[in-house]
Structure formats: structure tokens, C-alpha cells
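Keep the sequence and the 3D view at hand.

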Amino acid sequence: MAQEHKATQPMTFCPDPDLPIRQSIHTILNTSREAGVEDPVARHLVGANLQLAFPNLGLRNDTGSPSNTEINQGDFRVGDTAFHVTVTPISDVYERCKKNIEDGLRAYLLVPERIAVAAKYAAETLVPAQIMVQSIESFVGQNIDELSAFSKNKRVDEFRRLLETYNQRVDAIETDKSMLIEIPRNLRH
């Protein structure tokens, strides 16, 4: 019973506001990997980040089982760019990126930092210089820095907004509430 209760508790962590946001995203991804939910957590973090950056786009929010047409367009689509988010890039995701490029789209492949070098190598092998491969940690961290105008005080606020948006997205569609992230005390007003 105690283990069942723990599985429904939100993830917790204590970010250091003096460290780059990418470090906190790295911690969240590691915690979710240990819990076996890294892939949906990564997708929801990127979705929340894009939602903050583009609040009027109405980005998709699903549990990861989109139709074949939607998945070929990426997990998210912004303008002429398809964003593919995965923690285990297999050949299918590279083929979808290649198809995006053939269809006139730009393709972003966002993966955890620990596999970014290997993912870049695989992308370069398939479609040289055409798939933008970036770590989820750097992508989200840089966007939060930009949204905060590179101000430490605003960065804390924007990071809190990211986590709140992430929680809203998760709460709206996921049955596994252990993917929620408890907003750390040092980010609250």
C-alpha cells in the first residue's frame, strides 16, 4: 500500500536558481527515467515550453498515441517546423524527420543530453546537415532564458510558469499523476 501511495505522488526536486535551467531539466528527466516515465515527461516538458513561447497556437496535448498522419508531422508543429521528442531515437524517428524535410518542413529532434551526440551522428548519417538535433535540457533551458530576457529573477518566474504549464498539460490527459512535478518552495511567490 505504501508503494502504491508513493507511485501517485508528484515528482520532487530542489532546483538551484544559480544554476542554468538546463540542469534542473536534466534532474527532472533523470528522476522520471528512474520512475519509468521519461518519454511522456520529456514530451510534456517540451509541449509546456512551446506553449509558453507560443500561447496562441493551440499545441497538441495527447498521451503519445497520435494518428500516423499526426506523428509524421512530429510531436509538435510550429510554423514550418516539426518537433520530434524522444528519449529513445530509433530509425523510425529519423525516417519521419527525413519525410518532414522532403515535405518542405524543418525537423527538430529533441533528445536527452546523454544521447544527443549519438542522435546527431545518426541524423548526419541519414540526412547530412538537415535535421536539427538538440538536447531537451538545452532547448528548454535556452527558451526559458529567452522568455525571462536573461534576468535571474524573471528566470525563476518563467521556470515556475513552465512547471505550472507542464502540470496543467499532464493533469489534463494523463492517468499517471506521478508525472506531476511538485513546485519547489524556492520557486513559489
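The report starts with the whole chain and then turns to a few residues inside it.

## The whole chain

This is a predicted model. The protein holds eight helices and four strands. Read from the N terminus, the elements come in the order α-α-α-α-β-β-α-β-α-β-α-α.

How does the overall size compare with that of a compact globule? A compact globule of 189 residues would have a radius of gyration near 16 Å, and the protein has 16 Å, so the two agree. The C-alpha trace spans about 45 × 45 × 30 Å along its principal axes.

Of the 189 residues, 45% count as buried. The protein exposes about 9,800 Å². Carbon and sulfur atoms supply 50% of that area.

Take the contacts between residues at least 6 apart: 65% of them join residues at least 24 apart.

Now the charges. There are 21 positive and 26 negative ones. Their mean positions are 3 Å apart.

## An aromatic cluster

The protein has four aromatic pairs. Two of them share Phe83. The table sets these two side by side.

| Pair | Distance between ring centres | Angle between planes | Arrangement |
|---|---|---|---|
| Phe83 and Tyr108 | 5.0 Å | 40 degrees | tilted |
| Phe83 and Phe139 | 5.7 Å | 50 degrees | tilted |

Why do both pairs count as tilted? Planes under 30 degrees apart would be stacked and planes over 60 would be edge-to-face, so the rest are tilted. The planes of Phe83 and Tyr108 stand at 40 degrees, and those of Phe83 and Phe139 at 50 degrees.

Each pair links distant parts of the chain. Phe83 sits in strand S2 (residues 81-85), while Tyr108 sits in strand S3 (residues 106-111), 25 residues apart. Phe139 belongs to helix H7 (residues 136-147), and 56 residues separate it from Phe83.

Phe83 has a relative accessibility of 7%, so Phe83 counts as buried. Tyr108 has 17%, so Tyr108 is buried too. Phe139 is also buried. Together, Phe83, Tyr108 and Phe139 form one aromatic cluster.

Next comes Asn49. This residue lies in helix H3 (residues 38-53). Its relative accessibility is 0%, so Asn49 counts as buried. What does Asn49 contact, leaving aside its neighbours within four places in sequence? The partners are Phe139, Val140, Asn143, Ile144 and Leu162.

Tyr166 is found in helix H8 (residues 152-173). Tyr166 also counts as buried, because its relative accessibility is 0%. Which residues does Tyr166 touch, not counting those up to four places away in sequence? The list is Met11, Val41, His44, Leu45, Ala48, Met179, Leu180 and Ile181. Among them, Val41, His44, Leu45 and Ala48 fall within the span of helix H3, residues 38-53.

Tyr166 and Val140 are 26 residues apart in sequence. Their C-alpha atoms are 12 Å apart in space.

Notes: Residues numbered from 1 in each chain as written. Predicted model: local features only at pLDDT ≥ 70, side-chain atom pairs only at ≥ 80, totals over all residues. Heavy atoms only, no water. Helix = DSSP H or I, 4+ residues; strand = E, 2+ residues; numbered from the N terminus. Rg over C-alpha atoms; globule rule 2.2 N^0.38 Å. Buried < 20%, exposed > 50% of the residue type's maximum accessible area, 1.4 Å probe, protein only. Contact = heavy atoms within 4.5 Å. Areas by Shrake-Rupley, 256 points an atom, 1.4 Å probe, with all protein chains shown as cover. Lys, Arg positive; Asp, Glu negative; His and termini not counted. Charge placed at Lys NZ, Arg CZ, Asp CG, Glu CD. Phe/Tyr/Trp six-rings, centres within 6.5 Å; stacked < 30°, edge-to-face > 60°.
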